[in-house]
Structures are given as C-alpha cells and as structure tokens.
Amino acid sequence: MYESKMKTPETDALFRAILTLKNPEECYRFFEDICTINEIKSIAQRLQVAKMLRDGATFSAIAEDTGASTATISRVNRCLKYGADGYNIVLSRMDGKAG
C-alpha cells in the first residue's frame, strides 16, 4: 500500500472532495474556487509536459510547445521516472489503458 509523505487529515479531505466531482463542469467550478488561475494553468501545463515526455518529445520541443521552463520539464521527468507513479496512472487511464 502506498503511503504519501504529504498525508494529513486535511489532504485526505481535499482528495475525497475532488473524488466527489462528477464531470468537467463540476471540476471547473471547484478548481476555479479553490485555486488561482495560475495554479490551475501550472498543473495543466505539468500534465501536458508529462504526456509529451511519455510520448518521447525532447525537452526543447516540450519547452517550445508548452512554454514550460527546462526546470519544470526536468522535475516532471524525475517524477515520471522516480516519483509516486501518479502521472503514469493518470496518463494510462486517459489513454484507455489499465492503471
């Protein structure tokens, strides 16, 4: 069983709240209330970077296409290789593969 380093009752409550959302519109409503626009854009950019890395894109192509810094790309790459496997779980499910 996976045990997160950031696990607290508050993060448990946040993730349970997110899991109650039923569709993209509800996600937009909740995340617009709970996050700044820049936070949402940063998270979305990291997911796009992760997808492009998994698809084999180069750092320079990713930076050009997404506007992400090489530091961000490098961090996402480290997470893909050595992290908690969260990106891989989500990306596999988005691709229709088991995860």
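Helices (H or I, at least four residues) and strands (E, at least two) are DSSP runs, numbered from the N terminus. By that rule, the secondary structure of the chain comes to six helices and zero strands. Read along the sequence, the pattern is α-α-α-α-α-α. The model is predicted: local features need pLDDT of at least 70, side-chain atom pairs count only at pLDDT 80 or more, and totals for chains, interfaces and linings use all residues. Residues are numbered from 1 along each chain as its sequence is written, and side-chain values use heavy atoms, with hydrogens and water left out.

The overall dimensions come next. Along its principal axes, the C-alpha trace of the chain spans about 40 × 35 × 25 Å. The accessible surface of the chain comes to about 7700 Å², and 57% of that surface belongs to carbon and sulfur atoms. Accessible areas here come from the Shrake-Rupley method with a 1.4 Å probe; for residues, only the protein chains shown count as cover. A residue is called buried under 20% relative accessible area, exposed over 50%, and partly exposed in between (1.4 Å probe, protein chains only). Of the 99 residues of the chain, 17% count as buried. A contact means heavy atoms within 4.5 Å. Among contacts in the chain with a separation of 6 or more, 38% come from residues 24 or more positions apart.

Met 6 is found in the segment before helix H1 (9–19). Together with Leu 14, Phe 15 and Ile 34, Met 6 forms a nonpolar patch on the surface, and the four have about 350 Å² of accessible area together. Patches are made of residues with over 30% relative accessible area and no salt bridge; like charges are joined within 9 Å, and nonpolar side chains (Val, Leu, Ile, Met, Phe, Trp, Tyr) within 5 Å.

Charged side chains are the next topic. Side chains of opposite charge can pair when their charged atoms come close. A salt bridge is a side-chain nitrogen of Lys or Arg within 4 Å of a carboxyl oxygen of Asp or Glu. By this rule the count comes to four salt bridges. One of them joins the side chains of Lys 7 and Asp 12, at 3.0 Å from N to O. Lys 7 is partly exposed at 45% relative accessibility, and Asp 12 is partly exposed with a relative accessible area of 25%.

Another salt bridge links Arg 29 with Glu 25, and their closest N and O atoms are 2.9 Å apart. Why are Arg 29 and Glu 25 separated by about one helical turn? The reason is that they are four residues apart in helix H2 (residues 24–34). Arg 29 is exposed, with a relative accessible area of 56%, whereas Glu 25 counts as partly exposed at 49% relative accessibility. Lys 51 and Asp 55 also form a salt bridge, with the closest N and O atoms 2.9 Å apart. Lys 51 is partly exposed, with a relative accessible area of 41%, while Asp 55 counts as exposed at 56% relative accessibility.

Rings of Phe, Tyr and Trp (its six-membered ring) pair if their centres lie within 6.5 Å; planes under 30 degrees apart count as stacked, over 60 as edge-to-face and the rest as tilted. The structure holds one aromatic pair. The rings of Phe 30 and Phe 31 have their centres 5.5 Å apart and their planes at 80°, so the pair is edge-to-face. Phe 30 is partly exposed, with a relative accessible area of 22%, and Phe 31 is partly exposed at 24%.

Helix H5 (residues 70–82) includes Thr 70. Is Thr 70 buried or exposed? With a relative accessible area of 53%, Thr 70 is exposed. The C-alpha atoms of Thr 70 and Leu 19 are separated by 32 Å, the two residues being 51 residues apart along the chain. Asn 77 also lies in helix H5, but Asn 77 is buried, with a relative accessible area of 19%. Not counting residues up to four places away in sequence, Asn 77 touches Leu 53 and Phe 59.

Ser 92 belongs to helix H6 (residues 86–94). Ser 92 is buried, with a relative accessible area of 12%. Its side chain makes a polar contact with the side chain of Arg 54 (3.5 Å). A polar contact is a pair of N or O atoms within 3.5 Å; within protein, one must be able to donate a hydrogen and the other to accept it, and residues adjacent in sequence count only if both atoms are side-chain atoms.
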